[in-house]
Amino acid sequence: MTNKRESRGEALHRQSPKVDEVTRIRISQILEHFKASKDEVYKFDASLSNQERALVHQLSLKMGFRSKSYGLGMERRVSVQKVKKKVDTNNGFGRLPHFTFSGDAKWVLGDLFAHYPPGDGNSSEIVGENSDTTDKTKQRVDDIFSRPSMTKAEIARRLEALPSRMNNVSNFKQIIEDRSKLPIASFKDAITSTVESHQVVLISGETGCGKTTQVPQFILDQMWGKGEVCKIVCTQPRRISATSVSERIASERGETIGENVGYKIRLESRGGRQSSIVLCTTGVLLRVLVSKGPRSSKIGHVKDDISGITHIIMDEIHERDRYSDFMLAIIRDMLPSYPHLRLILMSATFDAVRFSQYFGGCPIINVPGFTYPVKTFYLEDVLSIVKSSNDNHLDSTTCSIPINTCQLSEEEKLSIDEAINLAWSNDEWDLLLELVSSEGTPELFNYQHSLTGLTPLMVFAGKGRVGDMCMLLSSGADCYLKAKDGMTALEIAERENHPEAAEIMKKHMDNDFSNSMEEKKLLDKYLSTVNPELVDVVLIEQLIRKISIDSTDGGILVFLPGWDDINRTRERLLASSYFKNSSKFMLISLHSMVPSMEQKKVFRRPPHGCRKIVLSTNIAETAITIDDIVYVIDTGRMKEKSYDPYNNVSTLQSSWISKASAKQREGRAGRCQPGICYHLYSRTRAASLPDFQIPEIRRIPIEELCLQVKLLDPSYKVEEFLGKTLDPPVFESIRNAIIVLQEIGALSNDEKLTQLGEKFGSLPVHPLICRMLFFAILMNCLDPALTLACASDYRDPFTIPMLPEERKRATAAKSDLACLYRGCGDQFAILAAFECWNNAKKMGLEARFCSQSFVSSSAMHMLSGMRRQLQTELIRNGFIPEDVSSYSANAYDPGVLHAVLVAGLYPMVGRFLPNKSGKRVIVETSSGDKVRLHNHSTNFKLTFRKNLDHTLIVYDEITRGDGGMNIRNCTVVGPLPLLLLSTEIAVAPGENNDYGDDDEEGGSADEAGSEDGMECDAKSKGGCEAKLMSSPDNMVKVIMDRWLYFRSTAIDVAQLYCLRERLSAAILYKVTHPRNSLPPMLAASMHAIACILSCDGCTGLPAMSEGVDTLTNMVNATSLSKPATGTRRLGKRPKGTLAEMINYDGRQNSGPSKA
């Protein structure tokens, strides 16, 4: 059934139902509204055509719905239903995978229970979880957000030193001149006075106005001028923005970073208390806001970290990341308790009025930007341009295409109002003519008087000024606008008895109508043959060729959704003889996974006679400026990560951009010179685009935010507090997050914050990653856990080369790295890549390793720095001592490593379903999703193998792309780590027992969790347990988390129960008494668990595939192929092999990486 559905989906995706664009947009909007509603079914009316119903089926499949057509003839309709999944638990007992401890593991267990028998001492009593005697660990103080301790005299000295310090800067005069030319410079007094008199101020500053670097300095100069100290905290949505902006501000003030200007990003910081301006990411400031949460009953009390902050500047708030929205809700509640605190919100494109209303009608300051004029074309224009091969579309002086520039300021609007009044009432034309000739933009041509609605065109037409009227029409003035009385320019000319003006208007409108009808026919014909949801690389090639023919120079920037589209476009261009000549065209791909050296090429100017063509994702929208770009081609699509809370599935697929993004893309052509933007979507589509993207808080899992709510105030109801945000997440999203937090022990069943949850919130990583770190500390496997933790919060370190042959080598290199840890897994590939890079660096072979293994050197350096910072955070919180060498004795033990990974990824667990009819193996998850492994995964090759039934994997997330649901990063694991770390295990009678369930095929998931006696976890001491566990050799059915079934013996299950209980107690003891050694029973139990994992942690993994090169043979000779004992054996190998790189440290010690 699944395969049929997949093939049907692929066929639907290839075909484009012939539906006009207006109807296509309407159907898409209906389905989006249905997705956001609580309805289970939506029925379309019977008016849809066959093609329109086909479109419904296509879009439903992509959005994860089930669709069905029914009825006959004129009554045929289509209904759409949200999918409810069921997990298949229909397994015969004899076919269930068998779990048992190995002989070595049984010996370890025997020794443990001989000294510390099950039931000998209550674990909870040992931990003292109900006592108040937990350690009050003194944390090292991070005072970067504390107010500087300066006297007025010290402030005066710093002010006096500023000019002399800046004189030492080589280009000081140029910096001063550039700052004075910024549009925001003239708003300095208005900004500082408004901030002083209002707690919340909004600054709507156009791109290039200088708000990001200048506003913090305006405030600092004003505060120092009054002799007052201040702490100005500025948030940025990205790490790179926080660091680069801080460096820019410091350089403009003639100082080095870390003095008066500092920054703090997750796991990295520069500066301290003395820094008056601190740049940080939004997530970092959020942690400061909630850092005192459990120890205060109300927001605004006992917030020492906050009382030192005088100003919070939140920049780029239009991006609406989850931390920003959450933080706005917190700060809004805090402001009444902190009258000294000022909040400044800044962005280039955002709904300022809505934000202002959220803060009770706070003032808005509009600052114009500086961009050169940009001429814009839409799809209907582009189709005409590429069709007319003989005409040069860039030479047209009568083109009615509007030019996009910055919005009019309030001052400019007042000037135009006055000019229209003088012209209409007094026939005084000088001011209006001066404005339209010197400031000739669509915003001015089409500006409507604030009271009458008259435009300059209406005034000229109504006064019979034919020459001026023609000038405006030829420049793109809109002749269809209506004044407040409902009249157009034509109707005003007729009313005022100016027949010549009226006749010219009619001819212009007839010609415009004729052109628009021709364009509509061309557009309809085009849309009937292509799928507008897909990128048309043929049209892109034709347009780039046309631009190249019609112009002599100027870079071309093409915005594409993702890597696949970049690659298709690149291959299409290189397949053409026209673009093959590298002396005429410089083709560059810009994507986060492209090697950094390749990315840097984008900033280089090509030689004379060579044109730069940049194929980019939306990374080029705001993050960078390429100064020689003149032409922008906007496909209107982007890869957006979203979250379907109803199916608990993340989606990564191409979607339409917002109007705000379209405006940003246009602006890329006008940053350094006048330019042209070609939108490859129609004006109708452009009008239907949402104003802004969906806020991140509504399209990602929110476990972190839910935990932060409880840290902020344990008495808060999560749903209630998140309801205060600007756009609250849906209930299902909150429910899913709470379930995950309960599964890992951060919240109790009644949603109360646990001691474990409080500690999870103290570290700057996701709660799941916190759990992994605590487990790794207990297992003496900290070093690889640090790498895994940081890698989960950073981009993929593997690069994707341009050439097909190199891409094959890159795939093979990644697989070889994964094999070094005897793991079938993408996470192990990253782990091995970091370890090899670190050792290659020590051997002087860093560049060679990165080149041969297709690893990003910059990503490795970033991971190295993040690891150091995370280790520092663990030390600062008292979880590990200064000397951490003893905490990584098992860093190279595959069994322990698999368990550490499970601790970090659980409950993201899946199992391979039987391989039928030679098809690719698919994975089933606990929610019943049937998904495939992405072809970029190192485990993709496994999906073609047989006999993988019941093989288990852990993964980071499921994504739904255009080709269906898939898992990109996963690792194959054995049952033991999951049985130790899962939320619950239950037992049920085996096949031959006389009591309990007689169903040979196994029970359903509901039965597994019912109260009919099947559930016998450690807390259950009823009759069922006594019967099942009465004989050690009884065969029982083990049910993990109510969906995974195993066969085992009663004695093995009883021992598992005991180990699970002691593991939970040890983790809780470690987080509540971080500086104490574990009690003897728990210490011995943790040592035993590590030994058992070393023996049995990899049991159940598929055998290594044949044909892995000689690397595998080399690795087999090392300690990586055997359970680790804390040392590694070395043989003779040629310098520079991966095997030597990963074992290089073994010559000196077996401790953690020192990178």
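**Notes on the model**

1. Let me start with the charged pairs. Arg287, Arg322, Glu696 and Glu704 are tied together in a network of salt bridges, a salt bridge being a side-chain nitrogen of Lys or Arg within 4 Å of a carboxyl oxygen of Asp or Glu. Over the whole structure, the search turns up 39 salt bridges.

2. Before you go further, some housekeeping. This is a predicted model, so local features need pLDDT of at least 70 and side-chain atom pairs count only at pLDDT 80 or more, while totals for chains, interfaces and linings use all residues. Residues are numbered from 1 along each chain as its sequence is written, and side-chain values use heavy atoms, with hydrogens and water left out.

3. Arg248 pairs with Glu252, with 3.0 Å between the closest N and O atoms. Both sit in helix α10 (residues 239–252), four residues apart, or about one turn of the helix; helices (H or I, at least four residues) and strands (E, at least two) are DSSP runs, numbered from the N terminus. Arg248 is partly exposed at 39% relative accessible area, whereas Glu252 is buried at 3%. The cut-offs are under 20% relative accessible area for buried and over 50% for exposed, with partly exposed in between (1.4 Å probe, protein chains only).

4. Which salt bridge links distant parts of the chain? Glu380 and Arg683 form one, their closest N and O atoms being 3.7 Å apart. The two are 303 residues apart, with Glu380 in helix α15 (residues 379–387) and Arg683 in helix α28 (residues 683–688). Glu380 counts as buried at 9% relative accessibility, and Arg683 is partly exposed at 32%.

5. On to the sheets. An open sheet of eight strands runs in the order β7-β6-β8-β5-β9-β10-β4-β11, with mixed pairing; two strands count as paired if DSSP finds at least two bridges between them. Its edge strands are β7 (268–270) and β11 (364–367), each pairing on one side only. Neighbouring strands are turned by 20° against each other on average, direction ignored. Here axes are lines fitted to C-alpha atoms (for helices, over the stretch in contact), and angles run from 0 to 180 degrees between N-to-C directions.

6. Contact here means heavy atoms within 4.5 Å.

7. Three bridges join β1 to strand β3 (residues 77–82), and Tyr42 has Val80 as its bridge partner in β3.

8. What about the nonpolar packing? The largest nonpolar core has 169 residues, of which Leu773 and Met779 touch the most other members. A core here is a set of buried Ala, Val, Leu, Ile, Met, Phe, Trp, Tyr and Cys residues joined through side-chain atoms within 4.5 Å. Helix α43 (residues 1050–1072) supplies the largest share of this core, twelve residues. Leaving aside residues up to four places away in sequence, Leu773 touches Leu763, Val765, Leu782, Ala785, Leu786, Ala789 and Leu870. Another core, of 35 residues, lies apart from it and includes Val537, Val558, Trp563 and Leu680.
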